[in-house]
Amino acid sequence: QVQLVESGGGLVQPGGSLRLSCAASGSIFSINAMAWYRQAPGNQRELVAVITSGGRTNYDDSVKGRFTISRGNAKNTVYLEMNSLKPEDTAVYYCNVKDRRGLNEYDFWGQGTQVTVTS
């Protein structure tokens, strides 16, 4: 199994910043990509940002220019730097690993970390 441990969520005022961290461990074969998703109450889980094993990144339009996803020196870690936070960024943020095993890709998820943006 693959375990993902997230940290860094919390309460912040609009315009503030937070940095989320995620470390993956366990029976990892070959990571295709690591990503951050979020889910607000009453909404579906949505992709926030993704980074591939080759370092390519992609962001949801709502966070472009404000959020930055990066991999750590230990390649099983991923970060999400969030700046200029808005109340609409409030959600539970989930770390995701896409692990390639042969011809198949499997998704693994962290437990989620709450981000609340409010004055």
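**Figure 1. Aspartate 99 and its salt bridge to arginine 101 in the predicted model.** Aspartate 99 has 0% relative accessibility and therefore counts as buried (buried means under 20% relative accessible area, exposed over 50%, and partly exposed in between, with a 1.4 Å probe and protein chains only). The side chain of aspartate 99 forms a salt bridge with arginine 101, with 2.8 Å between the closest N and O atoms; the term denotes a side-chain nitrogen of Lys or Arg within 4 Å of a carboxyl oxygen of Asp or Glu. Arginine 101 counts as partly exposed because its relative accessibility is 22%. Because this is a predicted model, local features need pLDDT of at least 70 and side-chain atom pairs count only at pLDDT 80 or more, whereas totals for chains, interfaces and linings use all residues. Residues are numbered from 1 along each chain as its sequence is written, and side-chain values use heavy atoms, with hydrogens and water left out.

Figure 2. The side chains of aspartate 89 and arginine 38 meet in a salt bridge at 3.0 Å, N to O. This pair links distant parts of the chain, 51 residues apart: aspartate 89 lies in the loop between S8 and strand S9 (91–101), and arginine 38 lies in strand S4 (residues 31–39). Strands are DSSP runs of E with at least two residues, helices are runs of H or I with at least four, and both are numbered from the N terminus. Aspartate 89 and arginine 38 are both buried. A network of salt bridges links Arg38, Glu46, Arg66 and Asp89. In general, side chains of opposite charge can pair when their charged atoms come close.

**Figure 3. The salt bridge between arginine 19 and glutamate 81.** The closest N and O atoms of arginine 19 and glutamate 81 are 3.6 Å apart in a salt bridge. Distant parts of the chain are linked by this pair, with arginine 19 in strand S3 (residues 18–26) and glutamate 81 in strand S8 (residues 77–82), 62 residues apart. Arginine 19 counts as partly exposed at 44% relative accessibility. Glutamate 81, at 29% relative accessibility, also counts as partly exposed. The structure holds seven salt bridges.

**Figure 4. Serine 84 in the loop between S8 and S9.** Serine 84 is found in the loop between S8 and S9. Although serine 84 is not a glycine, it has a positive phi of about 50 degrees. Its relative accessibility is 41%, so serine 84 counts as partly exposed.

**Figure 5. Glutamine 1 and its contacts.** Glutamine 1 belongs to the segment before strand S1 (2–7). With a relative accessible area of 64%, glutamine 1 is exposed. Leaving aside neighbours within four places in sequence, glutamine 1 is in contact with Ser25, Gly26, Ser27 and Phe108, where contact means heavy atoms within 4.5 Å. Glutamine 1 and threonine 90 are separated by 89 residues in sequence and by 30 Å in space, C-alpha to C-alpha.

Figure 6. Asparagine 104 is located in strand S10 (residues 104–109) and counts as partly exposed at 43% relative accessibility. Between asparagine 104 and aspartate 61 there are 29 Å in space, C-alpha to C-alpha, and the two are 43 residues apart in sequence. Serine 119 lies in the segment after strand S11 (113–117) and is exposed, with a relative accessible area of 83%. From serine 119 to arginine 38 the C-alpha to C-alpha distance is 21 Å, for residues 81 apart in sequence.

**Figure 7. The chain as the setting of the close-up views.** The secondary structure comes to zero helices and 11 strands. The C-alpha trace spans about 45 × 25 × 25 Å along its principal axes. The radius of gyration of the chain is 14 Å, which agrees with the value near 14 Å for a compact globule of 119 residues; this radius is taken over C-alpha atoms, and the globule rule is 2.2 Å times the number of residues to the power 0.38. Of the 119 residues, 40% count as buried. Among contacts between residues at least 6 apart in sequence, 54% join residues at least 24 apart.
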